[in-house]
Amino acid sequence: MTPSTNGYICDTNIWVKVVLGNVVDQFVYIFPNVHFADAVENEINKWTLNANKYKKIGTTFNDLKDTSLKVVYLEQLNSG
């Protein structure tokens, strides 16, 4: 599949399915402009507190946050 040039917003449920489905590399390749709201980032980071296989939901997000994933911090948006 060809990578998309559009930006996309991802929610927690989609990210959980991507990570648990072991398709993170393909997801980031196909959707290189994935954005997460800061509230979604907070939800995903709660998964890092798990000591089981679900911890990777949060750790994978944090590993990719600075390179492949973008977080939109809503308080930094201008309302005017």
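This report covers the sheet, a helix packed on it, and the aromatic pairs of a predicted model.

## Basis

Residues are numbered from 1 along each chain as its sequence is written. In this predicted model, local features need pLDDT of at least 70, side-chain atom pairs count only at pLDDT 80 or more, totals for chains, interfaces and linings use all residues, and side-chain values use heavy atoms, with hydrogens and water left out.

## Sheet and helix

Three strands form an open sheet of 3 strands in the order β1-β2-β3, with parallel pairing. Strands (E, at least two residues) and helices (H or I, at least four) are DSSP runs, numbered from the N terminus. Strands pair if DSSP finds at least two bridges between them. The edge strands, β1 (8–9) and β3 (69–72), each pair on one side only.

β1 pairs with β2 (residues 34–37) in the parallel sense over 2 bridges. Ile9 stands opposite His35 in β2. Helix α3 (residues 38–45) packs on the sheet and touches β2 and β3; contact means heavy atoms within 4.5 Å. The direction of α3 makes about 85° with that of β2. Axes are lines fitted to C-alpha atoms, for helices over the stretch in contact, and angles run from 0 to 180 degrees between N-to-C directions.

## Aromatic pairs

The structure holds 7 aromatic pairs. Rings of Phe, Tyr and Trp (its six-membered ring) pair if their centres lie within 6.5 Å; planes under 30 degrees apart count as stacked, over 60 as edge-to-face and the rest as tilted. Phe27 and Phe31 form a tilted pair, 5.4 Å centre to centre with 55° between the planes. Tyr8, Trp15, Phe27, Phe31, Phe36 and Phe61 form one aromatic cluster.
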